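I want to go slowly, one topic at a time.

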Amino acid sequence: MKRVLVTGARGYLASLAQLYNAGRYEFVRVSHTDVDFRDPAGVEEFFRAADFDVCLHMAADATTAHCEQDPEGTHRVNAESAIAIARVCHERGRRVVFISTEQCFNASPGEAPFSEEDEQASTTRYGQQKMEADAWIRENVDDYLILRFSWMFGLALPGVRPSPNILTNVMSVLRQGKPGSFRVHERRNMTYAQRFAGQLPQILALPSGAYHFASQNGRTTYETARLVAELLGCPAAEVDRLILPDEETYAERPRDFRLASDKIQAAGIELGTFEEDLDACLRDFGLA
């Protein structure tokens with residue numbers, strides 16, 4: 001049985017991947033309690049001694065505010081340690097799978113959706129740190145996968161707690177009955193997390209390279225939130241009262257960092273539209 005070392009093993013996507021693939025792989029779970037990702041030298045030493053066939057590197061400090069407040073510390077986590085892991089995998093002849101992000105394109109020139117070969121540019125430290133590791137891997141590693149994720153969504157399962165996402169955010173607003181604001185000047189893909197977990201074997205077998213993993217979405221974040229509320233059965237008047245437009249954020253420079261997924265779909269990975277993903281999620285959890 002193939003040994004897949006997964007970092008950030010307690011995180012949402014990592015936990016979901018392990019749940020969906022239990023018995024298919026021998027997972028070697030690594031979290032911050034096993035190795036300090038703020039210490040790249042220690043990370044490199046740890047990975048030189050670890051026993052694995054594939055490294056699924058999902059550990060990161062993805063909190064944008066924290067990356068801005070502590071750029072040096074988060075750089076060690078998100079860039080330097082990721083590069084150390086990729087270097088060891090390359091030297092040992094092990095495949096590394098690096099999880100990158102749509103944030104690499106939040107200031108890119110040109111028009112969305114962006115392809116894998118389009119120029120990257122980011123206004124956030126988090127995006128810039130991921131870009132640095134992303135570029136190093138592409139230039140220095142032979143056997144790698146870079147998966148640039150869109151905003152992933154889903155709900156909780158036993159032992160799996162989701163990160164905040166469009167569905168949980170809207171559900172929280174509806175449950176509390178307290179209005180929430182959603183961005184008008186932002187367009188981004190949103191993808192059902194089970195798309196990743198359920199196709200992990202096919203993903204790990206992809207040819208070496210960078211791939212965008214994103215279901216397509218033509219709506220603004222505000223329009224998307226309204227759709228979610230409507231499909232959850234919220235009456236139209238309540239949608240108007242509770243789902244409010246944030247017309248200030250990014251008003252001077254609207255953001256559109258949607259990713260094109262043609263390449264990964266051509267390689268046999270199934271992705272669709274946000275509407276299809278939302279319908280699948282609601283049906284899976286008995287909400288449709």
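**Entry 1, the model.** Before anything else I noted that this is a predicted model, and I keep that in mind for every value I write down.

How many of the residues of helix α1 are buried? I looked along residues 12-20 and found that seven of the nine are buried, so that the helix is mostly covered, given that buried means under 20% relative accessible area. The buried ones are Tyr-12, Leu-13, Ala-14, Ser-15, Leu-16, Ala-17 and Gln-18. I then asked what these buried residues of α1 pack against. On the strand side I listed β1 (3-7), β2 (26-30), β5 (144-149) and β6 (151-153), and on the helix side α7 (194-197) and α8 (200-204).

Next I turned to helix α9, residues 221-231, and helix α12, residues 274-284, which pack at an angle of about 35° with their axes 12 Å apart. I wrote down that their crossing is right-handed. From α9 the residues Thr-224, Leu-227, Val-228 and Leu-231 take part, and they meet Phe-274, Glu-275, Leu-278 and Leu-282 of α12. Sorted by kind, the residues of this contact are six nonpolar, one polar and one charged. The spacing within each helix reminded me of a general point: an α-helix has 3.6 residues a turn, so residues three or four places apart point the same way.

The structure holds nine aromatic pairs, and I looked up two of them in detail. Why is the pair of Tyr-25 and Phe-27 edge-to-face? The ring centres of Tyr-25 and Phe-27 are 5.9 Å apart and the planes stand at 75°, and because planes over 60 degrees apart count as edge-to-face, the pair is given that name. Tyr-25 counts as buried at 12% relative accessibility, and Phe-27 counts as buried at 11%. Phe-105 and Phe-114, by contrast, form a stacked pair, with 5.4 Å from centre to centre and 20° between the planes. Phe-105 is buried with a relative accessible area of 1%, and Phe-114 is buried with 2%.

How values were computed
Residues are numbered from 1 along each chain as its sequence is written. This is a predicted model: local features need pLDDT of at least 70, side-chain atom pairs count only at pLDDT 80 or more; totals for chains, interfaces and linings use all residues. Side-chain values use heavy atoms; hydrogens and water are left out. Buried means under 20% relative accessible area, exposed over 50%, partly exposed in between (1.4 Å probe, protein chains only). Helices (H or I, at least four residues) and strands (E, at least two) are DSSP runs, numbered from the N terminus. Contact means heavy atoms within 4.5 Å. Axes are lines fitted to C-alpha atoms, for helices over the stretch in contact, and angles run from 0 to 180 degrees between N-to-C directions. A crossing is left-handed if the near helix is turned anticlockwise from the far one by less than a right angle, and right-handed if clockwise. Ala, Val, Leu, Ile, Met, Phe, Trp, Tyr, Cys and Pro count as nonpolar, Asp, Glu, Lys and Arg as charged, and the others, Gly among them, as polar. Rings of Phe, Tyr and Trp (its six-membered ring) pair if their centres lie within 6.5 Å; planes under 30 degrees apart count as stacked, over 60 as edge-to-face and the rest as tilted.
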